[in-house]
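Student: Can we go through this one together? I'd like to start with the charged side chains.

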Amino acid sequence: LADYSLEANFGWPRKPLAPAWWADIGSKLRCLPISEPKSIESTLDLKLIGPYACEPLRFVIGKNGWCRADRSNGMQPDMTVIVKTEHFASCITGASDFFKLIEGGQIAITGELMAEGVDLVLNWLQDLKLQISRASVSQL
């Protein structure tokens, strides 16, 4: 019975699954250059969860827009966005609406949630889309 199970591929070892279409979003985010603006207006941490998630990343906004920053400076973020990797990738590609994902509970935002908090996150998301598309084009 055990031999038959292995031959018929019941149980383990299972065939490896092909990587999901959003599997490389973490590596794309890690490839964004790290810079520290002289004046920081706001900080945001991104925590991706689930398969293909990367370590939490910090983004800061200064006079020249958003950029990726070093998390080791000890500063607490103004906001933290917690989202499954798949949902985040669908926001970046435009396949999902950010507000619908918040309303559906798939995106959590913690921290200073004043009126401008969601606008700030939307601004960050738009800027991030541009940075990722520029980085993808420059790698071709």
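Student: How many salt bridges does a search of the whole structure find?
Tutor: The search finds four. A salt bridge here is a side-chain nitrogen of Lys or Arg within 4 Å of a carboxyl oxygen of Asp or Glu. Bear in mind that this is a predicted model, where local features need pLDDT of at least 70, side-chain atom pairs count only at pLDDT 80 or more, and totals for chains, interfaces and linings use all residues. Residues are numbered from 1 along each chain as its sequence is written, and side-chain values use heavy atoms, with hydrogens and water left out.

Student: Why would such side chains pair up at all?
Tutor: Side chains of opposite charge can pair when their charged atoms come close.

Student: OK, what does Arg30 pair with?
Tutor: Arg30 has a salt bridge to Glu55, with 3.7 Å between the closest N and O atoms. Arg30 is in helix α2 (residues 25-30) and Glu55 is in the loop between β1 and β2, so the pair ties together parts that are 25 residues apart in sequence. Helices (H or I, at least four residues) and strands (E, at least two) are DSSP runs, numbered from the N terminus.

Student: Is Glu55 buried, partly exposed or exposed?
Tutor: Glu55 is partly exposed, at 37% relative accessibility. Buried means under 20% relative accessible area, exposed over 50%, and partly exposed in between (1.4 Å probe, protein chains only).

Student: And which residue does Arg71 bridge to?
Tutor: Arg71 bridges to Asp45, the closest N and O atoms being 3.3 Å apart. This pair links distant parts of the chain, since Arg71 is in the loop between β3 and β4 and Asp45 is in strand β1, 26 residues apart. Arg71 is partly exposed, with a relative accessible area of 35%, whereas Asp45 is buried, at 2%. Salt bridges that share partners join Asp45, Arg58 and Arg71 into one network.

Student: New topic. In what order do the strands of the sheet run?
Tutor: The open sheet has five strands in the order β3-β2-β1-β4-β5, with mixed pairing. β3 (65-69) and β5 (107-111) are at the edges with a single partner strand each, so one side of each has no neighbour in the sheet. Two strands pair if DSSP finds at least two bridges between them.

Student: How do β2 and β3 pair?
Tutor: They pair in the antiparallel sense over five bridges. They form a hairpin with two residues between them, and Ile61 stands opposite Trp66 in β3.

Student: What about β4 and β5, parallel or antiparallel?
Tutor: β4 and β5 run antiparallel, joined by five bridges. Thr80 has Thr110 in β5 as its bridge partner.

Student: Last one: what is the mean pLDDT of the protein?
Tutor: The mean is 82, and 82% of the residues reach 70 or more. pLDDT is the predictor's confidence in each residue, from 0 to 100.
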